[in-house]
Amino acid sequence: MKILFTKVLTNTDVEKRLAVPNNSLKHFELENGNCSKSFEVKDENGSTWTFRCYVRNDGAYKKPVLSSGWRQFVLNKGVHQGDLITLYKDVEAEASYKIEVQRKIKLLGKECWSSLEPDQPTGATAQVQRKILLFGKECWYFLEPEQPTDATGEVIQA
């Protein structure tokens, strides 16, 4: 697998479309002047998602984005601004892509990236778990529900 790009997601990436680095465009194999192409991507759970890579057909800067299919992926996987995505392409298999999403967590006082686990329970009372690799062993931990804070970082009591 070859890494096409890794990116920390912005608000626009999460809310609208994923801006793709220009140097990754060649890996989407747009042909004959086409400005878009659909392709399938597998996530870490083996689920398949269909994304469309779109580029401007005018101007010097192509500005590639992943459009249709991307938002559905974001919503279903619970992807947030600040998460890290990595898109891979299997150079030996024709048009085989893989996507990985990670979230920054604090563990033992250090920040590290943890893969998002698919198919987590949803809803206000759901207890979400994440799997991390700790000292070479896979471990699970529970995420505390996010609590609103003020500008100083103090939790706002309801």
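Student: Which residue meets the side chain of aspartate 13 in a salt bridge?

Tutor: In this predicted model, aspartate 13 counts as buried because its relative accessibility is 2%, under the 20% cut-off. The N to O distance in the salt bridge is 2.9 Å, and the partner of aspartate 13 is lysine 7.

Student: Which residue forms a salt bridge with arginine 103?

Tutor: Arginine 103 lies in strand E7, and its partner sits 20 residues away in the loop between H2 and E6. The closest N and O atoms are 2.7 Å apart, and the partner is aspartate 83.

Student: Which residue in E8 is the bridge partner of arginine 103?

Tutor: Strand E7 (residues 96-107) runs antiparallel to strand E8 (residues 110-115), and six bridges join them. The two strands form a hairpin with two residues between them, and leucine 108 in the turn has a positive phi of about 55°. Across this pairing, the partner of arginine 103 in E8 is serine 114.

Student: How far apart in space are tyrosine 97 and leucine 4?

Tutor: Tyrosine 97 belongs to strand E7 and counts as buried because its relative accessibility is 3%. Residues touched by tyrosine 97 include Leu4, Phe28, Phe39 and Tyr88. Tyrosine 97 and leucine 4 are 93 residues apart in sequence, while their C-alpha to C-alpha distance is 9.4 Å.

Student: Which residues touch the most other members of the largest nonpolar core?

Tutor: Among the elements that give two or more residues to this core are strand E1 (2-8), strand E4 (48-54), helix H2 (70-77) and E7. Phenylalanine 51 has contacts that include Phe39, Trp70, Phe73 and Ile99. Of the 24 residues in the core, those that touch the most other members are Phe28, Phe51 and Trp70.

How values were computed. Residues are numbered from 1 along each chain as its sequence is written. This is a predicted model: local features need pLDDT of at least 70, side-chain atom pairs count only at pLDDT 80 or more; totals for chains, interfaces and linings use all residues. Side-chain values use heavy atoms; hydrogens and water are left out. Two strands pair if DSSP finds at least two bridges between them. Helices (H or I, at least four residues) and strands (E, at least two) are DSSP runs, numbered from the N terminus. A nonpolar core is a set of buried Ala, Val, Leu, Ile, Met, Phe, Trp, Tyr and Cys residues joined through side-chain atoms within 4.5 Å. Buried means under 20% relative accessible area, exposed over 50%, partly exposed in between (1.4 Å probe, protein chains only). Contact means heavy atoms within 4.5 Å. A salt bridge is a side-chain nitrogen of Lys or Arg within 4 Å of a carboxyl oxygen of Asp or Glu. Lists of a residue's contacts leave out its neighbours within four places in sequence.
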